[in-house]
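Subject: Structure for your review

Dear colleague,

Please find below the structure that I am handing over to you. My findings follow it.

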Amino acid sequence: MTLKFDIQPSPNVTSDKDRAAKLVDPGFGRVFTDHMAIVRYSQGKGWHSARVEARANFPLDPAGAVLHYAQEIFEGLKAYKRDDGGVNLFRPDANARRFHDSAERMAMAPLPEDVFIEAVEQLVRIDRAWIPGGEGSLYLRPFMIASEIFLGVKPSAEYIFSVIASPVGSYFKGGPAPVSIWVSENYTRAAIGGTGAVKCGGNYAASLRAQAEAIDRGCDQVVFLDAVERRYIEELGGMNIFFAFDDGSISTPPLGTILPGITRDSIIALAKDSGTRVREEPYTIQQWRADAASGKLKEAFACGTAAVISPIGKVCSASGDFQISGGVAGPVAMGLRKKLVDIQYGRTNDPHNWIRSVA
């Protein structure tokens, strides 16, 4: 399916001076660009009215379906400024596929993948001046909400798809620092047959109580165990997790109840490129503790779009705390991070054709 986007530039574009001031230290998700992309869906008409326009509030009826039955999904990806001034998108096709899969699971109208990519590219083109240099990037948030005005429990007949953009600086000031994580024993994130593999807001809302518990314990992040036996490591509140061992191999929990992270998939591919043996297999919290104590486990790290790779230095739980790799960032995590970031910014070859250049 191909839709032609109607481009309607904002009459109130941010001045160069004001934009430069906002880009000095944008943080994450606090500053937004001038425009947004929108496509609408209605039964019988399908996807229509594709346009890029000034960023503004949505008029939303109090009976809008998203407000009552949480039919909504989203994605996260970035645009990077190359040294030559060009712009790279990293694996937008993978985001488009996952967005399509999320819509199917949430009984929402699947958005054609080419429309997803076109919406992202059009927004990047019109707001490319907002892309920071250096280690900064433009974070893109495609999302879809159910907009039908109706209180019955059923899939919505109308949807709004939109893309907004937010300039972000380097996630870590001074380089990636090891994080501490809290093992949640009271809460679970997802179960077999649930929505764990879907990027929907409900999954993240369900993680917030556990994340608050982690902060109360002096930790940076929470890690969840499986919902059945409460002993297998699944993922963090918003990131996938990897383990690196003394035999040179790495492992990561299998898909099914966790999000199929695009950074996760990229790390697996890059590790295999270098001859590293990668296992996707269950791993218990008890084994994690034992392997850290024996020295079999050399590193643990989390990964996701925002931070790329975050080394894990300390694990805390009601059963006691333990350190990993002396609490410092290890060479496996940092080596993989450099390879991935260099591809994203166009500093090295892209053997997997992950980069899509935006003209």
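The model is predicted: local features need pLDDT of at least 70 and side-chain atom pairs count only at pLDDT 80 or more, while totals for chains, interfaces and linings use all residues. Residues are numbered from 1 along each chain as its sequence is written, and side-chain values use heavy atoms, with hydrogens and water left out.

Salt bridges

Side chains of opposite charge can pair when their charged atoms come close. A salt bridge is taken here as a side-chain nitrogen of Lys or Arg within 4 Å of a carboxyl oxygen of Asp or Glu. By this rule the count comes to 18 salt bridges.

One of them joins Arg19 to Asp16, with 2.6 Å between the closest N and O atoms. Arg19 and Asp16 are three residues apart in helix H1, and therefore about one helical turn separates them. Helices (H or I, at least four residues) and strands (E, at least two) are DSSP runs, numbered from the N terminus.

Arg347 is partly exposed, with a relative accessible area of 38%, and Glu135 is partly exposed at 37%.

Within helix H8, Asp342 forms a salt bridge with Lys338. Asp342 is buried at 14% relative accessible area, whereas Lys338 is exposed at 53%. Glu135, Lys338, Asp342 and Arg347 are linked in a network of salt bridges.

How many of the 12 residues of H6 are buried? Nine of them are, so the helix is largely enclosed by the rest of the structure. The buried residues of H6 are Ile262, Thr263, Arg264, Ser266, Ile267, Ile268, Ala269, Leu270 and Ala271. The expected span of a helix is 1.5 Å times one less than its number of residues. Just after H6, Gly275 takes a positive phi of about 90 degrees.

In H3, the 14 residues should span 20 Å, in agreement with the 20 Å between the end C-alpha atoms. Its buried residues are Pro92, Ala94, Asn95, Ala96, Arg98, Phe99, Ser102 and Ala103. Ala107, which follows H3, has a positive phi near 60 degrees.

Surface patches

Patches are made of residues with over 30% relative accessible area and no salt bridge; like charges are joined within 9 Å, and nonpolar side chains (Val, Leu, Ile, Met, Phe, Trp, Tyr) within 5 Å. Accessible areas come from the Shrake-Rupley method with a 1.4 Å probe, and for residues only the protein chains shown count as cover. The place of a charge is taken as NZ of Lys, CZ of Arg, CG of Asp or CD of Glu.

Asp101, Glu104, Glu113 and Asp114 form a negative surface patch. Helix H3 (92-105) and helix H4 (113-126) each supply at least two of its residues. Glu104 belongs to helix H3 and is partly exposed at 48%.

Tyr69, Leu151 and Val153 make a nonpolar surface patch of about 320 Å². Val153 sits in the loop between strand E7 (137-146) and strand E8 (158-168), and is exposed at 73%.

Contacts between separated residues

Ile149 also lies in the loop between E7 and E8 and is exposed at 53%. Its C-alpha atom is 6.7 Å from that of Asp61, although 88 residues separate the two along the chain.

Ala20, in helix H1 (residues 16-23), is partly exposed at 46%. Ala20 and Trp130 are 110 residues apart in sequence, with their C-alpha atoms 8.5 Å apart in space.

Yours sincerely

Notes:
Lys, Arg positive; Asp, Glu negative; His and termini not counted. Buried < 20%, exposed > 50% of the residue type's maximum accessible area, 1.4 Å probe, protein only.
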